[in-house]
Amino acid sequence: TGTANATAIMVNGNLTLGGAGGSELNGGNINFAMDGNVITQDNNAAGLLLQSIGAGGGQASLAGIDGLNITLGGSGAAQGDGGDIIFTNTGTVMTTGGQSHGVVIQSIGGGGGAIFGDLAGSTVDLSTANNGSGGAIAFTQIGDITTMGANSFGIIAQSIGGGGGLVGDLFMGSAGGAGSGDAITLDIQGDIMASGNGSTAVFAQSLGSGGGGNISLTLAEGQQILAGEGGTTVAFDGGADNIFENNGSVMTLDGLTGTAITGTSGNDTINNSGMIIGNIALGGGANSFTNLGSGTFISASALNLGASENLFTNSGLLTPGDLNTIQTTALSGGFSQTSTGSTFVEVDLADETFDAINATGTTAVSGNLDVRLLNPTQFTPGMFSAQIFTGAQGASMDNVNLRADSSVVLNLLGLSVSGNAVQVDYDLTFAPAAGIGNRALVGDYLNRVQAGGVPGALSPTFNFLIEVQNETTYVDLLTQLGSEFYAEQNAHALRNAQNFSSRMINCGATFDRKTSDKGGTCAWAEFNIDDGRLDANLGMPSITSDTKSFSGGAHYQMGGGLGVAMSVGYSDYDLAGYGNLWVANGNAKQAGVGANYSFGDTQIGAYISVSGSTYQTMRTLPGFGGLVAASKRKQVAITGELAASNNFRFGDLSVTPSLNIGMTKLSRGGGLETGAGPNDLALSKTSDTHSWAMPGVQLSYDAALSSNWNVRPFVGGALRQYLSSPFEEASARFAFDSSGADTFLSTTPLDRSHFIGEAGLEFYNNGGISISGSYNMEKSKNRKSDRGSIRLVVPF
């Protein structure tokens, strides 16, 4: 140590480090290499101490002193520069005590040094009446430095002008005399582990009234710098154009709440090719932080680069916060991500929070953005945007490769710039645009349940749906969950009731025609087979029906043109859809009465009938493990119909126009499915009324076959026009849904307009007995049915 005229005076509890007067009191240069290991095991016991001090001073280790008055720095215009120090240490340094620093290197001009010890109650006075600059420091550490005690720094390197140094935990810096600091170069090729509370791992200080020199710190690849809780990993104080080249890992034991790097007045540059974790707090200089291609930066709450024009550039991997933790990083400065950079963020759908980088300057994003969703099953349906990058002075993006968690339900719309933010946009919905028709209604219902909180019993279904990636597969799953097969059963019950009602008129004829020469009094019976088909529409699969019906009745013509009719019927049917994975069978029992009035060739009538139907259903859900939902439901249809016709005869040719107006009230029975677990449906008990008008015309021709038998070919056509809603529906919810969400409707088209055509032959004798057969076809936009009938009419 160069200590010309150095004094270490302790008088009445006073201690002064620094000379009193004198000039050219320069510290010498040090060029030293050491090979070996060092360990200290007491408090205030530094591992290695190197000093070159001008204008007096040195080192003091104290114990058992309270209330010490310390003066730091030369006085009386003492003048002297610190020398240059070149030091290479190969080996490990370990200290275990409190305030036991690993390596302390000081080059001080103007007097001063280092004081170690218990300095509780002590005061420090700074003497500015000195002159001298610190020398350059170049330190290479090959091996580990470990400090274990509280407030025990790993490395302290000080180049100080104007007097000063280190006084325990009371003071570190320049006393304020004339002079400047010089360059500090630290080359670390080992681990620096300052694990004690309040310990800083690397402290580099270049200060003086005339400014400081450049500070350079390099950490070798595969090495780490670690600071204790409440400490700082790397601290630059002063300096000029400072740089930290990190090729290893940098963090504190506080993790993300800790401070990784600090700076003060220098122009600080951080180039990261390794890993840095924690907060960054640089000072008022022209600062920058570049996360290079191989670098990883896990940012915390603060990334303070100072002025808004100071720039953080990411060409490596940027991750705000820990995994499964939402972190907003406040960036004082601008943000730029290059084409090689990647940012990994998390978005928590449960509370719609997200990792974010919020800059006070501009934000420009290229490269990659990776988005991981947290709590994806707990989202609130609707549009959602996560503003990942914001720039108070503007935001832009260019060729960003977005790699984000998504599914059909968690629909990733992409990236957009909105205002001063680059944001990730999602449409969170169980009802995607591809789910048309009833699938949209099922999806909306799922959204309502999701918004109200999915009951635990339904979680397997909802969680499964959220994970589906293929849109076609997802839409098909919505089909399986819906109730449209039940809506079609309701439509079948309605048509069956309408067909029965029409058969009561004129002894079982669909169209009005002559059936007896015995005054219209007859008994009749009919058997028909009806094959119906609903075409696939709006995503709804095609559904077929096979209905076999037997009906019979009587018509009695009373005097004065008045007649009465009664009839009964029975139907047996099978329905199938969705590739025969949906099947239903059942039967209907029907009865009706009516009255008519004839005057001349004109007849008017009124009829009412009741049809009770039962449907036993099995729906197989292949997308849900082949579960089968089974149910049994009943419907009651009450139909009223008014009929009017007039028969025009042209010899043996008859033309009979007619008009029927009808109304059916369909009471849909409720039902509860079993067997499909969370996918079982509870069907609501509802009712609706359908009305229609049906104008038609029939042509027939009578020809004799023998003296007793005749034949009558006939054709007819009609148009059934629904006057009410041309849809039938089924209202349902999941059987285990306790969310309180409204039910969903599945509808099936009845079609507004139906063309009905019939052709057949009737054989009748002179006694009025008639046997006929006919083919009936009904066609509408989405439906077609073919019916074959055989009728027997017997007069009495």
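Predicted model: local features only at pLDDT ≥ 70, side-chain atom pairs only at ≥ 80, totals over all residues.
Residues are numbered from 1 along each chain as its sequence is written, and side-chain values use heavy atoms, with hydrogens and water left out.

**View 1. Arg783 pairs with Glu488.**
The closest N and O atoms of this salt bridge sit 2.7 Å apart (a salt bridge being a side-chain nitrogen of Lys or Arg within 4 Å of a carboxyl oxygen of Asp or Glu). Arg783 belongs to strand E64 (residues 783-795) and Glu488 to helix H4 (residues 484-503), so the pair ties together parts 295 residues apart in sequence. Helices here are DSSP runs of H or I with at least four residues, strands are runs of E with at least two, and both are numbered from the N terminus.

**View 2. Arg372 meets Glu346 in a salt bridge.**
Here the N to O distance is 2.5 Å. With Arg372 in strand E41 (residues 368-374) and Glu346 in strand E37 (residues 342-348), the pair ties together parts that are 26 residues apart in sequence. Arg372 is partly exposed, at 29% relative accessible area, while Glu346 is buried at 0%.

**View 3. Arg619 forms a salt bridge with Glu673.**
Their closest N and O atoms are 2.7 Å apart. Arg619 is in strand E51 (residues 602-621), and Glu673 is in the loop between strand E55 (671-672) and strand E56 (681-683), so to speak distant parts of the chain, 54 residues apart. Both ends are tucked away: Arg619 is buried with a relative accessible area of 0%, and Glu673 counts as buried at 2%.

**View 4. Arg503, Glu526, Glu758 and Arg791 join into one network.**
Shared partners are what link these salt bridges. Across the model, the count comes to 18 salt bridges.

**View 5. Stepping back, the protein chain has 4 helices and 64 strands.**
Its radius of gyration, taken over C-alpha atoms, is 48 Å, well over the 28 Å that the globule rule (2.2 Å times the number of residues to the power 0.38) gives for 796 residues, so the chain is more spread out than a compact globule. Along its principal axes the C-alpha trace spans about 155 × 40 × 40 Å.

Key: Buried < 20%, exposed > 50% of the residue type's maximum accessible area, 1.4 Å probe, protein only.
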